[in-house]
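This report describes the architecture of a single protein chain. Please keep the sequence and the structure in view while reading.

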Amino acid sequence: MKLMEESVFFRDIAVSIDMKHRQILTRDPELMLSPLDIIRRLNGLPIEGVILLELDRVGTSSGLDQDFLEKAVSASDHPLILGGGVKGPEDLKTLEKMGFQGALVATAVHNGTIPLEIVQ
């Protein structure tokens, strides 16, 4: 966390919270918290945004965990971007209604469930 705190004053950055089964992937004992706790700790930093990267959902088109994502939006003072699980245009609309600023959609575009025209 100290590196992030120091870095934000030298350049614009976004922070990626990489998770697998809702566990933060880190070797830093200071960051072995829940994703929502990390989001809250980031609120005090002048960052550009937070990417919630659900690695166990990447490439699965499994859809959204709306309960968790709504809690994330409530916890964050920063723009949020979701990575992992987006299955189609309806998920993008749902994320927008929740307050997400964007989503990583490579698999959905690749398999054709999100037409390329939508992301252009």
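This is a predicted model: local features need pLDDT of at least 70, side-chain atom pairs count only at pLDDT 80 or more; totals for chains, interfaces and linings use all residues.

Buried denotes under 20% relative accessible area, exposed over 50%, and partly exposed in between, with a 1.4 Å probe and protein chains only.

Helices (H or I, at least four residues) and strands (E, at least two) are DSSP runs, numbered from the N terminus.

Residues are numbered from 1 along each chain as its sequence is written. Local features need pLDDT of at least 70 and side-chain atom pairs count only at pLDDT 80 or more, while totals for chains, interfaces and linings use all residues; side-chain values use heavy atoms, with hydrogens and water left out.

The open sheet is formed by 5 strands in the order 2-1-3-4-5, with mixed pairing. Its edge strands, strand 2 (23-24) and strand 5 (102-104), each pair on one side only. Two strands pair if DSSP finds at least two bridges between them. Strand 1 (residues 14-20) is joined to strand 2 by 2 bridges in the antiparallel sense, and strand 1 pairs with strand 3 in the parallel sense over 6 bridges. A14 stands opposite G49 in strand 3; towards strand 2, M19 stands opposite I24 and K20 opposite Q23.

The covered face of strand 1 consists of V15, I17 and M19, whereas A14, S16, D18 and K20 make up its uncovered face. Helix 2 (residues 35-42) lies across strand 1, strand 2 and strand 3 (49-54), running at about 170° to strand 1. Axes are lines fitted to C-alpha atoms, for helices over the stretch in contact, and angles run from 0 to 180 degrees between N-to-C directions.

## The hairpin turn

Strand 1 and strand 2 form a hairpin with 2 residues between them. Most residues other than glycine have a negative phi. H21, however, has a positive phi near 55°, and R22, also not a glycine, has a positive phi of about 65°. H21 counts as exposed at 57% relative accessibility, while R22 is partly exposed at 23%.

## Helix 3 against helix 4

Helix 3 (residues 66-75) and helix 4 (residues 89-98) pack at about 35°, with their axes 10 Å apart. The contact involves Q66, L69, E70 and V73 of helix 3 and T94, L95 and M98 of helix 4. These residues divide into 4 nonpolar, 2 polar and 1 charged; Ala, Val, Leu, Ile, Met, Phe, Trp, Tyr, Cys and Pro count as nonpolar, Asp, Glu, Lys and Arg as charged, and the others, Gly among them, as polar.

T94, in helix 4, is partly exposed, with a relative accessible area of 22%. Leaving aside its neighbours within four places in sequence, T94 is in contact with L64 and Q66. T94 and L80 are 14 residues apart in sequence and 13 Å apart in space, C-alpha to C-alpha.

Definitions and conventions
Contact means heavy atoms within 4.5 Å.
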